[in-house]
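Visitor: I am new to this one, and I would like to learn how to read it. Could you take me through it step by step?

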Amino acid sequence: DSIYDYIIVGAGLFGAVFTQQAVKAGKKCLIIDKRRQIGGNLYTENIDSINVHKYGAHIFHTSNREIWNYINQFADFNNFINSPLANYNGKLYNLPFNMNTFYQLWGTQTPLEAKAKIAEQCKKYDYITHPANLEEHALKMCGDDIYNTFIKGYTEKQWGRRATELPSFIIKRIPLRFVYNNNYFNDTYQGIPVGGYTPIIESMIKGAEVQINTDYFENKTYFDSLAPKMIFTGRIDEFFDFKFGKLEYRSLHFEHERLEINDFQGNAVVNYNEFDVPFTRIIEHKHFEFGTQPFTIVSKEFPNEYSKDSEPYYPVNDERNHTILGKYKELAKAYGNISFGGRLAQYAYFDMDDTIEAALEVARKEFKFIK
Ligand code: FAD
């Protein structure tokens with residue numbers, strides 16, 4: 001007989017939600033993670049009372065009441081509303097694109113004035129019927145000013161390629177809001193867990209055995225022998241030994257810095273939209289929890305090419321990768337005892353609410369209940 005009912009590879013959000021449900025169903029679980037800590041990309045580290053989002057800013061938002069109620073069992077959420085700023089050539093603008101942004105760009109005051117201005121800017125690009133790349137697509141949708149100020153440099157830094165070389169589907173639509181409203185997300189529920197995300201993951205996996213610093217691939221046969229079923233949230237290409245090739249990623253690196261001032265930028269998130277500024281944003285963590293410490297911690301976020309020493313962050317959604325992914329998914333079907341879940345095994349970008357929903361769905365199939 002096996003020691004455990006389930007082995008869960010990856011102690012990120014997906015693995016933790018599944019584990020929580022499994023323990024609740026009375027199952028014996030072992031959850032392992034190759035990192036030095038649990039939490040995956042949600043991991044927050046409490047540094048002198050400031051919860052630092054070590055793998056990038058995470059703001060919880062959802063319109064799904066069931067998911068909101070679920071996550072609220074594990075933390076109290078504050079009323080943080082994400083309203084990032086954009087810095088371009090030393091001037092600040094509100095995001096997402098709304099009446100404040102249009103006023104800052106052009107001085108337009110009413111929705112009618114702003115719409116007329118945008119229509120005038122787009123008219124020049126009416127001749128583009130089939131945009132061949134991201135630049136043409138964006139110019140057609142919003143014209144020169146919005147494109148050059150906010151989209152071009154930022155996107156080129158993010159993807160490490162010129163906008164004329166990027167496929168247009170990276171930006172499906174450009175949301176333009178004709179009200180004075182800087183709330184970045186459209187969702188009904190939004191907030192930051194008081195105390196950070198790590199305690200949420202800790203309480204989710206309570207009752208399971210946990211091993212960190214433990215790479216599944218270094219001892220695959222051993223881990224396979226421990227339980228009849230597995231939840232795998234690592235990379236799907238790695239699971240199959242990269243036999244159809246590597247799936248590509250864009251990566252990020254963060255430079256964290258403590259400053260002996262109480263407030264650096266007066267906001268949690270400030271984007272830097274010029275191409276020549278090498279980072280895409282500066283996060284000031286204390287503002288997520290309305291901190292009043294006499295010092296502050298800021299993180300600069302630099303996009304870069306993925307290499308084996310960096311973290312895989314964003315899947316590259318192009319044809320080559322999709323074809324390869326399809327082949328791995330086909331192979332995965334033969335593994336009836338393994339559920340491949342989460343952002344790395346699905347090779348997709350999922351927000352936290354989507355991740356929870358997907359993990360609950362897997363649990364529901366296994367245990368036929370949800371609490
Ligand atoms: P992960 O968190 O990556 O967890 C997978 C875990 O598996 C990792 O801990 C990894 O170490 C482990 N693992 C991998 N391979 C192995 C192995 N071989 N052996 C053992 N362990 C292994 N979502 C929002 O809703 N709001 C936001 O504001 C938001 N901001 C984001 C910002 C950034 C920069 C990024 C990249 C994502 C953001 N997200 C946000 C999305 C959010 O991070 C994901 O929804 C969530 O982290 C997915 O959880 P996961 O468990 O699938 O993956």
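**Overall size and make-up**

Guide: With 371 residues, a compact globule would have a radius of gyration near 21 Å, and the protein chain agrees with that at 22 Å. The radius is taken over C-alpha atoms, and the globule rule is 2.2 Å times the number of residues to the power 0.38. Please keep in mind that this is a predicted model: local features need pLDDT of at least 70, side-chain atom pairs count only at pLDDT 80 or more, and totals for chains, interfaces and linings use all residues. Residues are numbered from 1 along each chain as its sequence is written.

Visitor: How many helices and strands are in the secondary structure of the protein chain?

Guide: There are 11 helices and 16 strands. Both are DSSP runs numbered from the N terminus, with at least four residues (H or I) for a helix and at least two (E) for a strand. Along its principal axes the C-alpha trace spans about 70 × 50 × 35 Å.

Visitor: Which domains does the domain assignment give?

Guide: Domain 1 is 6-38 + 205-248 + 316-367, and domain 2 is 96-170. The bounds come from an automatic or database domain assignment. Taken over C-alpha atoms, the centres of domain 1 and domain 2 are separated by 39 Å.

**A helix and its surroundings**

Visitor: How should I read a helix?

Guide: An α-helix has 3.6 residues a turn, so residues three or four places apart point the same way. Here, helix α1 (residues 13-24) has 12 residues and reaches 17 Å from its first C-alpha to its last, close to the 16 Å expected at 1.5 Å a residue. That expected span is 1.5 Å times one less than the number of residues.

Visitor: Why is α1 described as largely enclosed by the rest of the structure?

Guide: Because 10 of its 12 residues are buried, among them L13, F14 and V17. Buried means that 20 or more other C-beta atoms lie within 10 Å of a residue's own; exposed means 12 or fewer, and partly exposed is in between, with C-beta atoms placed from the backbone. The cover over the buried residues of α1 includes β1 (6-9), β2 (29-32) and α11 (352-367). Just after α1, G26 takes a positive phi of about 85 degrees.

Visitor: Is D5 exposed, partly exposed or buried?

Guide: D5, in the segment before β1, is partly exposed, with 18 other C-beta atoms within 10 Å. Leaving aside neighbours within four places in sequence, D5 is in contact (C-beta atoms, placed from the backbone, within 7 Å) with K27, K28, C29, A227 and K229. The C-alpha atoms of D5 and L226 are separated by 8.2 Å, although these residues are 221 apart along the chain.

**A sheet and a hairpin**

Visitor: And how do I read a sheet?

Guide: Strands of a sheet pair through backbone hydrogen bonds, either parallel or antiparallel. Here seven strands form an open sheet of mixed pairing, in the order β7-β6-β12-β13-β14-β11-β15. Strands β7 and β15 (314-315) stand at the edges with a single partner strand each, so one side of each is left without a neighbour in the sheet. Two strands count as paired if DSSP finds at least two bridges between them.

Visitor: How many bridges join β6 to β7?

Guide: Four bridges join β6 (residues 85-88) to β7 (residues 91-94), and the two run antiparallel. N87 stands opposite L92 in β7. Their hairpin has two residues between the strands, and N89 takes a positive phi near 50 degrees there.

Technical notes: Two residues are in contact if their C-beta atoms, placed from the backbone, lie within 7 Å.
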